[in-house]
Amino acid sequence: MAHTLHSFDNGPALAEALADKVAATLSESVTTRGNATLAVSGGSTPKAFFEALSKKPLDWSKVSVTLVDERFVPADNPRSNHLLVATHLLKNAASEADFIPLYQPEADIEAAATVATDAVSEMGTPLDVVILGMGADGHTASFFPGGDNLEDALDLELPPRVMTMEAAGAGEPRLTLSFSSIADAGLLVVHIEGPEKKSVLEKALSGEDEAEMPIRAVLGRAETPVEIYWAP
Ligand SMILES: O=C1O[C@H](COP(=O)(O)O)[C@@H](O)[C@H](O)[C@H]1O
C-alpha cells in the first residue's frame, strides 16, 4: 500500500502540523456524521503533539478517544498510556472528549480484553483517525516481534477487537487494538521522530518479514494509505 512521508524541521513544527491535520479530520467527521473517533499511541514521542491537539478548537464533546495499545496496569501507574493521554491530551479544549480506556479492572487480562473490545466496538468502524508510533525494534501498537499473539493480531480476516500480547521486549503484558481495527482508519498516521527511528523505518521499508518488524504489516497491507510524520 502507498505511503507518504511528511518531513519537518523539528518536533514542535511536526506537532503543530499533525495536530492541525487531526483536528481538521475530526471536525469534518463531527460536521458530516455528528461524532468523531480517535485512537492514539503511547510512548515518549506523542507528548508535544498531544499538547498541541488539546488546544485545537473543535466540538470535542462529540469526540471519542481511545488508545491503540496499553500496558495491563491501572491509570495511576506511571507507565500507563491512559495516564499519558490524561496528562497531555484530555485537557484544555479536549477535556470535553469522551475517553474509552483499554485497561479494565478485571481479574485477568483476557477478561479485560473482552470488556475493552465491547467498549471500543461502540465507537464504530472504521475509526476516523489512528495515530501509530514505532519502536526501535519495529513494533507498532503492541505488535511486538516474538509476541505470543502476533499472527492473530496481524490477521486482517479476523474481526476488529482488543487483543492481549506478551513479548520479551514489551515489559508488562499488553492490550492492543488488532490490525483489523486500524487498517481501514479514515486517517492512518505513523508518527516517528529522530534519526534512529528514520533508520528503522528505512529498514522496514526495505524488507518484507512482518514477524521480524511488525510495522511492515501497516506499511505493506493497510487498506488506508499511511501518512508518515517525521522530524529529526
Ligand atoms: O511501547 C510503546 O512504544 C511505542 C513507541 O514508543 P516511543 O517511546 O518510542 O515513542 C508506542 O507507539 C506504543 O504505543 C507504546 O505502547
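Start by selecting alanine 39, which stands opposite valine 130 in strand S6. Keep in mind as you look around that this is a predicted model.

**Stop 1**

With S6 (residues 129–132), S2 pairs in the parallel sense over two bridges. With strand S3 (residues 63–67), the pairing of S2 is also parallel, and here there are five bridges. To see one of the S3 contacts in detail, pick threonine 37, whose bridge partner in S3 is serine 64.

**Stop 2: helix H2**

Which residues of H2 are buried? Select Ala48, Phe49, Phe50, Ala52 and Leu53 to see them. For what lies over these buried residues, show helix H1 (11–33), helix H3 (81–88) and strand S9 (187–193), which are among the elements covering them.

**Stop 3: the ligand**

Centre the view on the ligand and display the residues surrounding it: Ser41, Gly42, Gly43, Ser44, Thr45, Val68, Asp69, Asn81, Gly133 and Gly135. How does this shell divide into nonpolar, polar and charged residues? Eight are polar, one is nonpolar and one is charged.

**Stop 4: strand S8 between two partners**

Move to residues 174–177, strand S8, where both faces are covered. Arg174 and Thr176 lie on one side, Leu175 and Leu177 on the other, and all four are buried. Zoom out to the strands themselves: S4 (residues 69–71) runs antiparallel to S8 and is joined to it by three bridges, while S7 (residues 162–165) pairs with S8 in the antiparallel sense over four bridges.

**Stop 5: backbone details in the loops**

Most residues other than glycine have a negative phi, and most peptide bonds are trans. The next three selections depart from that.

- Select threonine 125 and proline 126, which are joined by a cis peptide bond with omega of about -10 degrees. Proline 126 sits in the loop between helix H4 (109–121) and S6.
- Go to asparagine 92, in the loop between H3 and strand S5 (98–100). Its phi is near 50 degrees, a positive value. Is asparagine 92 buried or partly exposed? Asparagine 92 counts as partly exposed because it has 15 C-beta neighbours inside 10 Å.
- Finish the trio with alanine 141, in the loop between S6 and helix H5 (150–153). Phi of alanine 141 is also positive, near 45 degrees. With 31 C-beta neighbours inside 10 Å, alanine 141 counts as buried, since the threshold for that is 20 or more.

**Last stop: the annotated domain**

Finally, select residues 13–221. An unreviewed UniProt entry annotates this range as "domain: Glucosamine/galactosamine-6-phosphate isomerase". Across residues 13–221 the chain is 36% helix and 17% strand, and the C-alpha atoms at the ends are 29 Å apart.

Note on methods: Residues are numbered from 1 along each chain as its sequence is written. This is a predicted model: local features need pLDDT of at least 70, side-chain atom pairs count only at pLDDT 80 or more; totals for chains, interfaces and linings use all residues. Two strands pair if DSSP finds at least two bridges between them. A residue is near a molecule or strand if its C-beta atom, placed from the backbone, lies within 6 Å of it. Ala, Val, Leu, Ile, Met, Phe, Trp, Tyr, Cys and Pro count as nonpolar, Asp, Glu, Lys and Arg as charged, and the others, Gly among them, as polar. UniProt positions are given in the numbering used here, feature names are shortened, and annotations may be inferred rather than shown by experiment. A residue is buried if 20 or more other C-beta atoms lie within 10 Å of its own, exposed if 12 or fewer, and partly exposed in between; C-beta atoms are placed from the backbone. Two residues are in contact if their C-beta atoms, placed from the backbone, lie within 7 Å.
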